[in-house]
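Good morning, and thank you for coming. Please look at the sequence and the structure on the screen while I speak.

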Amino acid sequence: MTPQTLLWPILLPALAAVICFLIPRNMKLLREGIALLASVAVLYLGFALFSVKNLEFRLPWMGNGINFELRLYHFSSFILLGLSGFLFLITLYSTVKMKNDPRVGEYYAYVFLSAALANGAVLADNFVPLVFFWEGLLLTLYGLITIGGKSSNRTAVKAFLISGFCDFCMILGIAILWSITGTLTISQISVQPEGLAVTAFIMMMIGAIGKAGAMPFHTWIPDAAIDAPVTFMAFLPAAFEKLLGIYLLARITLDLFKLEKGSSLSLVLMIIGAATIVFAVMMALIQKDFKRLLSYHAVSQVGYMILGIGTAIPIGIAGGIFHMINHAMYKCGLFLSAGSVEHRTGTTELKKLGGLSKDMPLTAFGFSVCALAISGVWPLNGFVSKEMIFHGALETGYPVFAIAAWVGAIFTFASFLKAGHSVFFGPRTKEVPPVKESPAPVFIPILILAFLCITFGVFNKLPLVNFIQPILEGHVEAGENIDFTAHALSLFNPVAGISILCLLIALCLHFTGWKRGDKKAYLASEPVHKFPVIKQIYDLAEARVFDLYEQGIVFLRCFSLVLFKGIDRPIDFFFEKIVTKTGSAFSGVLQKAHTGHYANYLAWCLGGLLAVAALINLLIK
Amino acid sequence: MIWQILLLSGVVLFSILAILSKDLIKSAISLALASLFLGILFFQMNAPYAGVFEISVVAGLITVLFMLTIALTKAEGDVRESKLARLIFPLVFVAFILIDVLVMKGLLQKVPALPETSESGAFGDVLWKQRTFDLIGQLAIILAGVFSVLALFRKRNKDE
Amino acid sequence: MNNTWFLYMAFAAGLLFVGLYCLLTMKNVIKLFIGIEVISKGVSLALLATGFVKKNTLLAQSLVITFIVVEVSLVATALAIIINIYRHTKSLDIRKLTKLKG
Amino acid sequence: MNIETITLLTVFVPIIGSFTIPLASLISKPVRSAWAVVLGAATALLPLFLLPTAFAGGETILRKEFILGLDFILIIDPLAIFMSIVSSFVGFLIIIYSLGYIHHEENQNEYYLLVVLFIGSMMGLVYSGNLIFIYLFWEIIAVCCWRLIGFYRLKDFVRKADKAFLVTFFGAAVMLLGFIQIYGSTNSFDLTMMRGTVIPGTAVLLILFGMFSKSATVPLHTWLPDAGVAPTTVTALLHAAVLVKIGIYAYARIFLYTFQLPGDWPNIIPILAVISSLVAAAAATVENNFKRILAYSTVSQIGYIFLGFSLANEAGISGSLLFILMHGLAKAGLFLCAGIVIHATHKQDVREMGGLIKTMPITAIAFLFCAFSVIGIPPFGGFFSKFLVIMGTVQAGHVWLAAVALFTAVLTMFYLFKVFSQVFLGEAKVAAPEKTKSMVFVVALLAFLSLVAGIFVSFPAKLAEVATAHIGWWLK
Amino acid sequence: MIFLFIGLPLVVAALLPLIGKISKRVLPDLLANAVFLLLLVLAVTAGRQVISEGPVLKQLNWLGEPVGITVAVDGFSLFMLMAISLLTLCVSLYSIDYMERYGAKANYYALLLMMAAGMNGLVLVTDLFNVYLFLEVAAIASYALVAYGLEHDELEASFKYLMLSVIASAAILISIAVLFGMTGSLGFTAVAAGLRSLDAKFVVGFCAALFIMGFGLKAALIPFHAWLPDAHPSAPAPISAILSGLLIKVSGVYALTRILFNVFGLTPALSQVLMYLGAVSIVVAAFLALGQKDMKRLLAYSSISQVGYVVLGIGIGTPLGIAGGLFHLFNHALAKGLLFLNSGSVQHATGTRNLEEMGGLAKRMPVTAATSLIGSLSIVGVPPLSGFWSKLIIIMALVQAKEWPLALVAILASVLTLWYYLLMQRKAFFGKLDEKWKNVKEAPFWMTASTVILALLSIGVGLFFSAFIKSWIQPASDVLARGIHLALGSWGI
């Protein structure tokens with residue numbers, strides 16, 4: 001394969017995007033055909049490149065060490081494969097789900113553009129192309145959310161602003177890194193996180209976790225769950241952005257900076273991870289909307305990955321990365337099944353749904369598998385990756401993080417019990433008429449994902465050995481164990497025990513809540529919700545008090561107002577008023593002196609004569 | 001010397017009279033008398049032509065012009081002068097004379113001068129050979145004056 | 001010699017002073033012009049006296065004559081203006097001539 | 001044609017040609033407009049012939065000697081060529097746009113005359129190699145601006161035009177004093193002769209004053225938002241493409257290409273630039289008048305360009321050069337979009353607009369594209385320039401300034417989206433279709449070019465690199 | 001031939017009242033303009049040849065014998081002659097149409113010619129007393145011309161002008177008397193030689209103070225300026241143009257410079273005083289102009305301010321400064337002449353000089369508006385108009401002389417200048433057309449033509465400043481530079 005092949009994963013989807021955009025509105029079939037074809041082609045490319053593994057492409061671009069450099073190696077090829085797989089599934093799904101959207105042409109264009117940009121970002125081996133592709137995703141993010149309809153613009157702007165902020169932070173980090181190392185080629189950089197480099201690390205980290213949607217940069221995701229099309233949720237926040245964000249985070253901690261175990265930076269990452277897990281899952285628990293509930297989980301699960309990577313321990317990192325791919329699969333599957341429900345019933349409110357497992361068995365099956373996987377039920381993939389993260393967290397010597405992760409696990413399961421119970425099981429509701437199973441393009445992706453969840457769980461050696469271990473090779477000290485498959489599915493160790501205990505607690509919680517709430521599943525989380533103190537916090541959270549974006553906007557407005565009133569207007573006042581008034585004051589005084597009296601004028605002349613004479617006398621030496 | 005001082009005092013006195021007297025006619029006449037004294041002084045100073053000019057033109061012609069003007073503006077042309085100015089004049093004048101006498105000598109002593117070259121020849125020669133340009137200038141001045149007066153007394157015909 | 005010059009110059013200065021005093025304090029325009037005439041006398045005295053003292057009388061004399069001609073012209077113009085002013089304002093008060101100011 | 005001839009033609013075709021426009025109007029109005037377009041096109045085309053020279057990186061100097069060192073000197077180097085291509089091209093587009101925009105106004109002769117003269121003077125300024133001639137063209141431009149700002153002749157408008165003229169003239173006069181101080185110490189106004197000279201701090205202060213006033217940098221910026229009373233074409237010309245770039249260009253020409261800054265100045269100027277950028281962005285956030293927002297946005301972006309140049313490193317300089325191009329395209333696009341909207345709705349306050357994306361989709365998309373470019377979102381051109389400037393800032397050791405600059409970028413994002421939402425989205429309050437084709441075409445072209453300039457950034461970047469190497473000859 | 005500059009206007013002026021009896025309008029117009037045109041051509045062509053080999057001293061012969069009429073032409077005088085002829089020509093062209101409504105054209109032209117003769121004479125004479133004499137010729141003619149309208153304002157202005165001018169003349173004469181007493185002669189060279197052989201610093205200082213007061217009053221330097229804002233606006237527009245454009249410069253600046261430089265030799269003390277006076281005039285008058293509502297009064301104050309620049313430039317005493325000052329003198333003559341003529345056109349068309357009442361006249365009087373714009377910008381010092389180069393040279397000279405504060409004043413005052421000119425432009429021309437003036441028409445042909453000529457000259461001199469300075473300013477400033485013992489031509493590169 002020639003190095004130019006590396007351009008294909010970028011150019012091909014981009015081309016497809018343009019074509020999809022240009023196809024006239026009424027030629028739906030053609031567009032869908034092309035979209036599917038393109039996604040298949042990309043998927044093929046993904047496989048092909050995955051088999052190649054090592055390829056580099058370099059092209060001078062803008063001078064100053066800014067070159068267009070792409071590099072394929074095991075990690076990026078793995079992510080690339082994941083991305084193209086999701087692209088294919090989403091495209092397939094969209095052929096049904098987005099069929100009747102008036103802006104479907106745009107939609108496909110954005111999807112393929114996102115794919116192109118994401119591929120580019122993954123392959124980039126120079127910071128400038130990386131940022132170019134990375135930040136370019138903002139465009140498609142904005143575009144895809146606005147497709148959701150009228151009220152979506154606010155959310156779109158919110159998403160844009162938050163992500164933009166994170167990206168700008170990353171630019172700053174890159175700039176600092178550049179000034180430290182003098183190069184922009186990623187594969188050449190490896191620095192100790194000291195001094196200024198710490199700032200660079202934190203800035204780049206913000207970029208990465210912001211993309212992945214960790215706290216506190218997550219708040220647009222639940223909003224988007226309401227406003228944006230569900231395919232978008234499955235596509236960007238659930239799959240693509242997680243893959244990219246965690247990929248970059250892993251690159252940062254593994255390659256660019258040597259993150260030491262137990263260092264303060266590692267601690268920072270773990271704190272962010274733990275906080276994200278707990279707070280997001282708490283929010284997820286009380287949601288009454290299916291998509292919104294899922295979206296909070298999308299945030300919460302990022303916490304696990306960050307926690308895992310933040311441990312800076314091989315098993316933790318491996319767990320984090322593994323969790324990333326697992327999460328992408330089951331969260332994508334979950335969103336797709338939510339979409340499937342929405343497709344048929346027209347709503348995603350838990351209150352209105354119920355007992356759909358009979359009408360939509362395949363969807364229900366897919367959902368169940370994914371939900372169990374996300375909850376970490378043995379032997380699904382979630383269990384494996386979470387176990388690895390728990391082990392890692394415990395090994396750091398800070399058990400508090402492991403506890404936080406377990407707390408997260410409890411509520412994750414509880415909330416999914418609630419969601420599954422109220423949507424697919426339990427009694428039928430009146431609001432929703434009887435429905436049919438969704439068409440094949442809808443449930444096939446869900447089933448594929450469910451299948452993958454099972455596969456990656458049961459045969460966890462496959463991904464762990466093939467995908468994860470190569471990533472860590474060369475990054476751990478020699479002799480350290482990087483075989484993580486040993487206790488992957490083992491149930492008989494204390495960690496696994498605690499995990500299972502957590503699941504049981506969750507089950508208890510759910511049933512208590514279900515009983516308390518008149519056997520209405522959607523009220524199962526109410527006991528937690530109504531718990532004293534916690535209730536107040538929830539109320540505040542619902543009022544978006546903890547939403548940094550809202551606070552940030554208020555801050556921006558106030559800050560602007562202060563600068564405007566404090567600097568800009570006074571300057572203008574100076575020019576408009578003070579200068580003119582001073583001028584006319586001077587002028588007025590002088591004019592007053594010109595009274596028109598001859599004697600007055602004559603006196604000036606004589607006075608002037610005396611003054612001039614005196615001055616000359618004074619100046620003559 | 002005494003004569004000269006007397007004449008000079010006369011000039012100054014009549015000048016003071018000219019500016020202080022309430023009646024414009026008297027002022028004009030005082031001015032003419034001052035000119036007369038000055039003319040005589042010019043005679044004293046070996047400048048007969050200047051003396052003649054001073055007496056005939058300034059004391060004569062200009063006084064006539066003043067009289068004419070006063071006559072033409074007589075009707076209600078009385079302007080109340082400030083009394084204060086008149087009252088404090090002697091005071092100020094004396095003060096000035098004192099300063100004048102004290103300062104002027106010092107000033108003039110500072111003025112160095114080239115040695116005098118005694119001049120010879122008639123006045124006409126001087127005027128003709130050296131100051132011919134002044135004659136042209138005088139001509140121009142008179143022309144200018146005539147045109148000015150013509151312009152100022154022309155009939156203003158707005159329709160023109 | 002210097003004493004003579006001093007004498008004439010002192011009196012010329014006196015005349016100038018009287019004229020200026022008139023210009024500064026008097027109100028009647030004709031009176032003002034008389035003040036100017038007084039100043040002119042001072043100037044012509046100074047001119048001639050200088051020439052006289054410096055033994056240059058002939059030259060000084062011609063200057064004084066020219067000066068007198070200028071004076072006449074000036075007086076004629078000025079008085080013409082004064083008469084015109086009187087026609088317009090029916091007054092000879094210089095204080096009324098303050099329309100132009102500022 | 002050799003290089004010298006082309007350059008002379010570039011400068012003098014529009015300057016002399018502008019005075020023939022009123023003559024052309026004696027034939028007929030369409031002929032006059034066509035003639036103006038021809039002049040604009042000629043000015044835009046001519047510097048393109050200089051591109052090979054620019055890429056070669058050499059410089060040619062043209063000199064006509066006058067007394068007192070007031071020689072007429074033209075420096076033809078990559079920097080000048082880059083700048084002249086950018087300005088004349090945007091100027092040309094604006095002339096085309098004007099065909100529709102001022103079609104019904106009075107005083108069109110004067111308008112076209114001034115616009116073409118403006119562009120010509122810009123060409124003159126760009127190639128000038130003598131401080132006094134820089135000042136000369138600088139002031140001709142100021143006069144053109146003054147007339148153009150007061151184009152509608154309303155009382156308040158003319159007052160604001162006067163304000164703009166006074167403030168810029170004040171700055172320029174102070175700058176002239178700085179030039180003369182340099183003359184006092186070197187006995188020369190000739191930039192080519194003085195390269196590498198260290199100039200006194202007071203001269204730097206004085207000259208900076210002029211640049212800041214012309215480039216509308218805080219604290220001499222308030223005339224620019226006020227100048228928004230001009231026809232939109234003019235504000236586009238003023239704000240985006242040409243006028244405010246003059247100060248920056250002069251900075252590059254004087255402080256980078258020619259002189260060395262003494263003492264602490266290299267550290268102070270970036271701070272001033274960043275403060276300017278921040279304050280203006282804040283003001284843009286608060287404002288509600290469409291054109292004033294864009295004007296403040298211009299001030300803010302100008303801060304970036306100053307920042308880039310003031311860093312005196314390769315990334316900063318080439319970033320700023322690219323910024324000139326990208327901002328020229330995008331901000332002109334934004335203003336012209338605003339022009340279409342205002343022309344159609346007769347409103348200026350963004351709160352009174354809404355939902356226009358339905359009736360004017362091309363304008364809306366173009367606006368969005370240009371906004372992306374201004375914010376600095378890839379693949380639009382603005383990304384690269386902003387990125388390079390930030391890189392340069394950090395490289396120069398000003399991490400905090402870079403952070404503030406990025407914060408400004410966030411603000412930019414915020415207010416531009418605010419405007420976009422208020423004007424084009426939401427409830428339609430006024431229905432106003434896109435009418436004139438020439439206007440929409442120009443706007444779409446500018447938006448498209450913003451995108452193309454980003455995707456094929458390597459071409460302008462190469463030119464910027466050559467120019468950077470040329471003006472930054474002191475960078476090893 | 002040089003005598004023609006004095007003789008021709010004098011003779012024609014003397015004849016004009018007679019001719020006026022024959023033809024009221026056409027002949028006076030024709031004759032006066034022909035005279036000025038001839039003088040201009042003479043000054044530009046023949047005059048250059050006359051002085052091609054250095055300054056020329058000419059004595060007139062009468063019947064084969066030399067008489068006491070001596071004129072001298074050097075670069076400085078020739079430059080002034082050219083300026084005088086140029087502006088008087090434009091003004092008299094303008095008068096063809098403008099003076100129709102005042103009547104008595106023959107008389108008017110006679111006075112105008114007298115004034116020109118006076119100014120030409122003043123420029124050519126070689127003798128202190130003759131300076132005074134021709135000063136008075138021009139002055140008396142100007143008194144009458146200021147009062148030419150015979151309305152209250154005109155008379156009041158003229159009277160004050162006269163009364164103050166007389167004081168100036170007295171001061172000048174007393175100074176002449178003292179110098180005469182010291183050296184026993186009146187000729188420039190003789191007095192200069194005499195002074196050089198005497199140690200008379202203080203007396204020269206005293207005389208200089210008197211001269212500065214006397215000529216400064218003529219030049220309307222602050223604080224001797226009070227008559228100017230009354231007299232110049234009151235005169236008919238063409239006369240205002242001459243007064244502001246020429247008279248204050250010839251009888252004020254030229255005479256003062258000639259005497260201070262070529263008779264006294266500029267000492268540092270005098271130089272300082274001149275610079276201070278110039279700077280004070282610039283600033284104070286600029287502020288005064290700012291508050292004016294009357295268009296011509298604004299222009300008059302602006303004249304004071306600009307003469308301040310001229311004096312400031314010349315006062316620096318370096319060759320460059322002198323050149324700048326003289327160049328500014330010329331540029332200001334062109335531009336201020338132009339502006340006063342414009343104001344006349346506006347008054348002719350609308351009947352008012354009040355800026356508040358005007359508005360948007362550019363719409364109806366495009367040529368007047370355009371030319372006035374050029375004039376204003378030239379005075380302000382906006383390149384490439386001529387005023388810019390002169391101000392630039394003045395400021396360059398100030399900086400070279402290390403006079404930093406004054407350089408700053410000069411620069412900032414030009415901002416003030418711009419300010420009030422913008423006010424004038426805004427209120428008069430630039431803006432919405434006032435309903436009142438819907439039917440206003442552009443000025444008649446000759447008025448427009450002469451303003452266009454002046455505007456083109458302002459632009460032309462600005463564009464070809466280099467050639468102009470080399471051929472006109474440099475010879476003139478060399479003459480003055482000699483007065484400060486500096487080598488010829490040392491000021492240029």
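I begin with a pair of helices in chain D of this predicted model: helix H5(D) and helix H20(D) are roughly antiparallel to each other, a term for angles over 145 degrees, where under 35 counts as roughly parallel, 65 to 115 as roughly perpendicular and the rest as oblique. Their axes come within 7 Å and cross at roughly 150°, H5 covering residues 78–101 and H20 residues 437–455. An axis here is a line fitted to C-alpha atoms over the stretch in contact, and angles run from 0 to 180 degrees between N-to-C directions. Helices are DSSP runs of H or I with at least four residues, strands are runs of E with at least two, and both are numbered from the N terminus.

The crossing of H5(D) and H20(D) is left-handed: the near helix is turned anticlockwise from the far one by less than a right angle, whereas clockwise would be right-handed. On the H5(D) side, the contact is made by D:Leu93, D:Ile96, D:Tyr97, D:Leu99, D:Gly100 and D:Tyr101. H20(D) contributes D:Ser438, D:Met439, D:Val442, D:Leu445 and D:Leu446. Two residues are in contact if their C-beta atoms, placed from the backbone, lie within 7 Å. By class, this contact has nine nonpolar, two polar and no charged residues. Ala, Val, Leu, Ile, Met, Phe, Trp, Tyr, Cys and Pro count as nonpolar, Asp, Glu, Lys and Arg as charged, and the others, Gly among them, as polar.

A word on conventions: residues are numbered from 1 along each chain as its sequence is written, and chains are lettered from A and ligands numbered from 1 in the order in which they are written. Local features need pLDDT of at least 70 and side-chain atom pairs count only at pLDDT 80 or more, while totals for chains, interfaces and linings use all residues.

Let us turn to the chains. Which two chains have the most contacts among the seven pairs that touch? They are chains B and C. By contrast, chain A and chain B do not touch, and their nearest C-alpha atoms are 13 Å apart. Chain C and chain D do not touch either, with nearest C-alpha atoms 24 Å apart.

I thank you for your attention.
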